[in-house]
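Student: I would like a close look at one part of this structure. Please take the salt bridges and keep it brisk.

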Amino acid sequence: MSTGATTTVDHVDGHDHHEGNYLTAGRGLRSWLFTLDHKRIGVMYLGTILFAFLLGGIFALLVRTELLTPQQTIMSADDYNRMFTLHGAIMTFLFIIPGIPAALGNFILPLMLGAKDVALPRLNLASYHIYVIGSLMAVASILAGGVDTGWTFYTPYSTTTNGAVILVTLSVFVLGFSSIFTGINFIVTVHRMRPAGMGWFQMPLMLWALYATAIIQVLATPVLAITVLLIIAERALGIGIFDPALGGDPVLFQHFFWFYSHPAVYIMILPAMGVISELVAIFSRKPIFGYKAIAYSSIAIAVFSFLVWGHHMFVSGQSELAVVIFSALTFSVSIPSAVKVFNWLSTMYRGAIRLETPMVYALVFIFLFGIGGLTGLFLASLATDVHLHDSYFVVAHFHYTMMGGTMIAFLAGIYHWWPKMFGKMFSQKWGNIGAIVIFVGFNVTFFSQFVMGAKGMPRRYFNYPPEFEIYHVMSSIGSYVLAIGLFIAAGVLVHSLIAGKKAPVNPWGGATLEWQAASPPIHHNFDSPLLLTNPYDYTAQRWDEAEQGYVPVDPEKEPQTT
Amino acid sequence: MSTATGNAHEGRHELAHYFDSTRQQFESHKLAMWLFLCTEILMFGGLFCAYAIYRANHPEIFLYAHTLLDKNLGAINTIVLLFSSFTMAWAVRAAMLGQRRLLVGLLVVTLLCGFGFMGIKGIEYSHKWKHGFLWGEQFDYTEAVAYASGKGHGDDHAAETGHEGAHADDEAAIHTEVPAATAGDEDAAAVMAELDQAAAVTMDHGHDAERIPRNLHIFFGIYFVMTGLHGIHVLAGMGMLTWLIVRASRGDFGVRNYTAVDLGGLYWHIVDLIWIFLFPLLYLIH
């Protein structure tokens, strides 16, 4: 990575000055719903995705409440099945897959490239509209009787059970298009819209992460599309491909499903890792350690992600050879993940760490993702997996990676770019309090699940033996604490919109290009020529008390102090 | 990456404000199209994968069932699509050279080929429908046996769909023998000779061997899903061609602005290419 190379890129054409910032550049609902501005699309995505998160969270709380007692607590067993299915489906397809790429990525990717927009703004808007349609279909399925298959839609149950399986799988198909469109857009934008002077290894690591994510989105999602189409054909026409009664193979469905859905967990976690790579460097005031290692590890994870789907099927009766190979490949995917974690830790080592809210979330991420990653090794080992398969241990593992990982990084990213998005500063104190409550609640909720899973509590069960009650009660209480923490986190942001101080251009001292745009940016992003620098060089800026933010050091006027 | 600004040399071509040059815009759109084609290939890839697995596990189903398809119609359709790819490629060239009348003409020919393909596909589908060569439980085994022996009618079997020996009482089927099949069905006869007893369903009780592989409907499930999904793509391509024809006759395309024709051509070629794989895999099994 070249250091010190400083290029000025003239991006301003001077003939399209809109009034004010992007939030005020057009008025009325239409100016939002049909905007081609990536920032507005990102903000709309953010709002819709957070609403889906709320919905999925309500289902989660209902499930946890039901599990407070070993018998029926508040709902019937059938309703319980529908609840955990909807919780899983909504959280996976509506919240966590589009979460960071579509909401934060849309906002931040062109800004980080110093571009005026993504390469294909119409496709971007179509992606959002399709996302809304797919989400409405998923929500409509609740009214149409719900679905009780679990979010994995395993055959033959999903092709025989009653309920709105066709509607939900169709919504997954539609949402897949939204995801593909975002992926295509990001790949093209990164390839074609980088400014002169920004080679691949001068890109911020967030862009590497989004790029790797986009590759998976483009290559894996179509396989899910054909899988859910076959499920629909199976239910509507009785096509027989997955139906053992007609000579079909239900395990083939599992292969198809996980060929997408395992890479999909990297669609979820890779952008989260990108966020953390930015935050750790900025808030340690130190260049990122091992830039190339982190960049390549993103690509390595994307490649490996396609080769490990069989580890979801260790007990499905696939051949022993396949099982051994998938186990070995699964272990190897932990290498690039660990490369990232060690690089983050090395970046923090002897850094000037500032515990501002985004960094607090980043630290929570590293801790929780570490636990999530390490418990994955138990599940990749064949002997232990046979015992732990389909137990609460698995539930806890993926919540540690997906919620403790991706959701925490999503919050970290929201807090980090909030001043840029809305031009308001939030209360750091309450932001940190929210983060700590979330951290405590999360661990109480899910660590108890590791314990009961290891003791043999199967996942998805409605009733359970009384000896597991203590763990379930702990987990449920933890989930309420977690919910309180999330409401605090949301309250801090809402409060900032109403009463927050005006945000400076560069509140955190970031060196990536988005911190050269106004807060919030103007309609066409940048109002002055960009100064292209090393994205992790923090020496060319200093804290300015009057501005309450960082300002660039003018090398001609002031001698550099570091 | 060029930093050219201004619209002086672009002609009618509109340069979006977020691009620096028409070249950048063209290359962006082209890359996006290629990525979209990748998703198409992976989507069909799932079906090819299902095909490979079932064919590897049950070769007898594929060997027998493909004789129920019409090879000639499939071959004609292959030629129609190949020809349409040629006219499409020529159309792209015409667009690049600014030959507007030629462009419109070639696009119309390509569209007509699309209609031809779908028309022939329609004939094939209605034939399958008439004889009950369908997926899952809709498959008519009696008719399949009768058809293979050259006596297919399809009239009096409609009520008796089912499989696995459910039609033992059907006299028309019982007294026909596969080895005596008509010349066009030698394949079927050969297959039957090789069939393992266990993999076959005896259609009559005690009469001469009138055997047919179990689960023939699997082939037709895959056949209809693959050709159906492909057909939907052809229809989408025809919609796209219509749009291109409207724009071309309006004079939207020129030497500097042929991106839409170029990208449409790419899409049309991938649809053609998928058929090039489908045809031998489904129709030409040995």
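Student: Is R82(A) buried, partly exposed or exposed?

Tutor: This is a predicted model. R82(A) is partly exposed, because its relative accessible area is 27%, and partly exposed covers the range between under 20% for buried and over 50% for exposed. Its salt-bridge partner is D79(A). The closest N and O atoms of R82(A) and D79(A) are 3.0 Å apart. D79(A) is also partly exposed, at 32% relative accessibility. Both residues sit in helix 3 of chain A, which spans residues 77-112. They are three residues apart, about one turn of the helix.

Now take two other pairs in chain A. D37(A) and K39(A) join their side chains in a salt bridge, at 3.0 Å from N to O. D37(A) and K39(A) are both buried. R354(A) and E356(A) form another salt bridge, with an N to O distance of 2.9 Å. R354(A) and E356(A) are both buried as well. Chain B has a network: R247(B), R250(B) and D252(B) are linked by salt bridges that share partners. Over all chains, the search of the whole structure finds ten salt bridges.

Helix 14 (428-454) and helix 15 (469-499) of chain A each give two or more residues to the patch. Helix 14 gives the most, with three residues. I470(A) lies in helix 15. I470(A) counts as exposed because its relative accessible area is 51%, and the cut-off is over 50%.

Terms used: Residues numbered from 1 in each chain as written. Chains lettered and ligands numbered in written order. Predicted model: local features only at pLDDT ≥ 70, side-chain atom pairs only at ≥ 80, totals over all residues. Heavy atoms only, no water. Helix = DSSP H or I, 4+ residues; strand = E, 2+ residues; numbered from the N terminus. Buried < 20%, exposed > 50% of the residue type's maximum accessible area, 1.4 Å probe, protein only. Salt bridge = Lys/Arg side-chain N within 4 Å of Asp/Glu carboxyl O.
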